[in-house]
Amino acid sequence: MKGKTVLVTGASAGIGAATAMAFAGEGARVLVCARRLERLQAMEAVLLEAGAAEVFSFELDVRDRDEAEGTLNTLPDGWGDIDVLVNNAGLSRGLTKLWEDDVENWEEMIDTNIKGLLYVTRAVVPKMVKRGSGHVIGLGSVAGYITYANGAVYCATKAAEKAISEGLKLDLMGTPVRVTSVDAGMVESEFSVVRFRGDDERAAKVYQNITPLQPEDVADAIVWAATRPAHVNVHSVVVTSIDQGNSVTFNRRA
Ligand code: NAP
């Protein structure tokens, strides 16, 4: 990865931050974006310390189509040719019966996890095709394989990520651009705090009496997929902790 340019969306926390660190450790040039710019700026020195060849951070709300197109097409000199795009920005909101849920929750998940992913992909991939190299890695989930109760819309967004990843791969046939979906089980990050809108106690219960994945475990799978030989396309990686069988089956020790 030395000297390769990697863009990680949603890099201000969790899996995105760990992925930026992992690529930094490989000597990549790391582009990080999210809405909380101050967090990214604070990470810059840490990424350089970890081995990043260069770092550039910028604010981006992936839900804003104009902002995504505009910002990604006018990156500073030397940053426009992205070798690896990690479509990580995403979130869940609420854990509620579909017929009682707040429509705003649906809008936010669909706008971020599906439409945001599409906007960023649409802005970045044409240059990869033109250059004849590139790799798009999406954050899927075991939630995209088996729907769990009270999470229909989040699960649907991850099923959509799987379909988009598969479709993108088909549409890129005949080019050397690779596509991977890294489909994780439960990861201990800010995910549940965001889902429960800051209710730390409820979020902590999600990981009670269980060993979840850590963001670094997922970052490891992402870097592995990105560092296979150029003729190898890893379509998907499904990764859970030892205590998880699928999106609904857990080994809780209590
Ligand atoms: P996290 O700790 O909450 O991090 C989410 C990241 O996404 C943050 O950096 C956040 O940054 C960013 N983000 C959210 N909305 C955004 C927007 N509109 N524009 C730009 N960035 C945005 O959660 P995580 O667990 O690392 O989740 C990362 C990805 O992994 C998501 O796609 C999630 O669906 C997926 N995933 C998570 C799990 C899990 O159990 N945690 C399992 C499987 C898959 P800002 O708030 O600063 O914008």
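Contact is taken here to mean heavy atoms within 4.5 Å. The structure is a predicted model, in which local features need pLDDT of at least 70 and side-chain atom pairs count only at pLDDT 80 or more, whereas totals for chains, interfaces and linings use all residues. Residues are numbered from 1 along each chain as its sequence is written, and side-chain values use heavy atoms, with hydrogens and water left out.

By the contact criterion, and leaving aside neighbours within four places in sequence, Val218 is in contact with Ile15, Leu139, Val182, Ala184, Val187 and Leu213. Buried denotes a relative accessible area under 20%, exposed one over 50%, and partly exposed a value in between, with a 1.4 Å probe and protein chains only. In soluble globular proteins, nonpolar side chains tend to be buried together.

The chain holds eight helices and nine strands, where helices (H or I, at least four residues) and strands (E, at least two) are DSSP runs numbered from the N terminus. The radius of gyration of the chain, taken over C-alpha atoms, is 17 Å, close to the 18 Å that the globule rule (2.2 Å times the number of residues to the power 0.38) gives for 254 residues, so the chain is as compact as a globular protein of that length. Along the principal axes, the C-alpha atoms fill a box of roughly 50 × 40 × 35 Å. Of the 254 residues, 50% count as buried, and among contacts between residues at least 6 apart in sequence, 74% join residues at least 24 apart. The accessible surface comes to about 11800 Å², of which 52% belongs to carbon and sulfur atoms; accessible areas come from the Shrake-Rupley method with a 1.4 Å probe, and for residues only the protein chains shown count as cover.

Strand β1 (residues 5–9) is joined to β4 by three bridges in the parallel sense, and the bridge partner of Val6 in β4 is Val84. Strand β4 in turn pairs in parallel with strand β5 (residues 135–141) over four bridges, Val84 standing opposite His135 of β5. Between β4 and β5 the chain passes through helix α4 (residues 103–131), and this β-α-β crossover is right-handed, a term used if, with the strands pointing away from the viewer, the path from the first strand over the helix to the second runs clockwise. In a regular strand the side chains alternate between the two faces of the sheet. Both faces of strand β4 (residues 84–87) are covered, with Val84 and Val86 buried on one side and Leu85 and Asn87 buried on the other.

Strand β2 (residues 29–34) and strand β3 (residues 54–59) likewise pair in the parallel sense, over six bridges, and Ala34 has Glu59 of β3 as its bridge partner. The crossover from β2 to β3 runs through helix α2 (residues 37–50) and is right-handed. Within β3 lies Val55, which counts as buried at 16% relative accessibility. Beyond four places in sequence, Val55 is in contact with Val30, Glu44, Leu47, Leu48 and Trp79.

Arg197 lies in the loop between α6 (191–195) and α7 (200–206) and is exposed, with a relative accessible area of 51%. Asn209 is found in the loop between α7 and α8 and counts as partly exposed at 37% relative accessibility. Asn209 is also among the residues touched by Arg252, together with Met186, Lys205, Val206, Tyr207, Gln208 and Ile210, when residues up to four places away in sequence are not counted. Arg252 itself lies in the segment after β9 (249–250) and, at 36% relative accessibility, counts as partly exposed. Arg252 and Thr211 are 41 residues apart in sequence, and their C-alpha atoms are 8.6 Å apart in space.

Key
Two strands pair if DSSP finds at least two bridges between them.
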